[in-house]
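Visitor: I'm new here and would like to learn how to read a structure like this. Could you walk me through it?

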Amino acid sequence: MRVLVAGATGAMGTQLVPRLVDAGHEVFAMTRSEPDKARALGAVPVIADALDRAQVEAAVRQAAPEVIVHQLTAIGHIDTRHFERSFAATDRLRIEGTDNLLAAARAVGVRRFVAQSNGAFTYTRTGGPVKNEQDPLDRSPVSQMAPMIAAIEHLEKAVLGAAWTEGIVLRYGAFYGPGTSMAPGSEQLEMIRKRKFPVVGDGGGVWSFVHIADAAEATVAALENGGRGVYNIVDDDPAPVAEWLPELAAMLGAKKPMRVPRFIGRLAAGQAGVVLMTELRGASNAKAKRELGWHPAHPTWRQGLQVGM
């Protein structure tokens with residue numbers, strides 16, 4: 001198939017594009033400024049700023065794809081005290097960038113549209129600890145997280161509501177591995193190593209992780225075998241912060257993380273940081289396994305992180 005990947009030179013794109021090429025697809029990489037990197041990945045570069053509708057339309061016309069894969073993000077280090085600032089650029093890409101890609105896709109008759117969503121930080125914080133695709137997103141997010149969840153809802157509604165194409169939404173877990181915020185030498189891991197990443201409150205927030213390579217494999221499976229709808233792309237082992245953070249510290253050769261009460265955590269990490277540490281819900285990958293035939297090569301963060309340390 002002819003496939004256009006938007007966001008082809010980011011952490012996900014650099015894992016995804018070579019896999020698509022190896023699977024026999026003709027891949028076009030939409031990039032704003034890195035054509036040489038796109039070529040090195042095996043794709044044909046098409047230059048466009050995702051926030052410029054005319055440029056996006058021209059790029060999509062040039063590629064004439066059967067499938068578009070939307071992996072546009074701009075997430076760097078996440079400052080939980082200013083969570084909304086950390087996600088502001090990505091929120092814009094998920095709203096304006098999504099609308100621009102969908103408009104261009106409709107004009108050329110794209111038959112399948114696969115988009116990156118978030119299943120790590122977005123599910124409702126009530127009920128059981130692990131959610132499936134039928135569970136709602138957070139209806140009452142703290143103010144710092146509200147713009148991010150609103151952008152996710154916009155993206156999902158737009159993609160799934162496009163009756164003229166087959167819209168597929170992938171709710172990825174928290175990425176780790178090459179190019180992510182949890183790669184060897186990353187700021188986040190260094191904070192854990194230096195005991196600057198404490199367990200807040202009871203550490204009961206449940207995280208679902210996924211290795212970036214496994215997420216890329218799942219994306220190929222969704223592109224080839226998926227049907228309209230939402231899929232959680234996470235590993236088999238959702239875990240509370242009080243469990244995974246001390247284990248990760250031990251892998252890094254660091255002392256156990258400090259523990260601080262919620263009110264101290266709120267001062268240091270903001271209300272969003274407290275939510276991530278104490279109230280987050282994990283996600284189930286049962287649907288993706290069943291319908292996509294996908295099984296993560298790193299079924300647990302324990303094994304996956306240990307390999308990369």
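Visitor: At what angle do helix α3 and helix α4 pack?

Guide: Two packed helices are described by the angle between their axes and the distance between the axes. In this predicted model, α3 (residues 53-63) and α4 (residues 83-108) pack at about 40 degrees, their axes 9 Å apart. That makes α3 oblique to α4 (under 35 degrees is roughly parallel, over 145 roughly antiparallel, 65 to 115 roughly perpendicular, the rest oblique). The crossing of α3 and α4 is right-handed.

Visitor: Which residues make the contact?

Guide: Contact means heavy atoms within 4.5 Å. From α3 come Arg53, Val56, Glu57, Val60 and Arg61, while α4 brings Asp99, Asn100, Leu101, Ala103, Ala104, Ala105 and Val108. Sorted by kind, the residues of this α3 and α4 contact are seven nonpolar, one polar and four charged.

Visitor: Is Lys131 buried or exposed?

Guide: Buried means under 20% relative accessible area, exposed over 50%, and partly exposed in between (1.4 Å probe, protein chains only). Lys131, in strand β6 (residues 130-131), has 5%, so Lys131 is buried.

Visitor: What is Lys131 in contact with, leaving aside neighbours within four places in sequence?

Guide: Its partners are Tyr123, Thr124, Thr126, Asn232, Arg281, Gly282, Ala283 and Ser284. The Lys131 side chain also reaches the backbone oxygen of Thr126 at 2.5 Å.

Visitor: How should I read the numbering and values?

Guide: Residues are numbered from 1 along each chain as its sequence is written, and side-chain values use heavy atoms, with hydrogens and water left out. Local features need pLDDT of at least 70, side-chain atom pairs count only at pLDDT 80 or more, and totals for chains, interfaces and linings use all residues.

Key:
Axes fitted to C-alpha atoms, helices over the stretch in contact; angles between N-to-C directions. Helix = DSSP H or I, 4+ residues; strand = E, 2+ residues; numbered from the N terminus. Left-handed = near helix turned anticlockwise from the far one by under 90°. Nonpolar A, V, L, I, M, F, W, Y, C, P; charged D, E, K, R; others polar. Polar contact = N/O pair within 3.5 Å; in protein donor to acceptor, adjacent residues only side chain to side chain.
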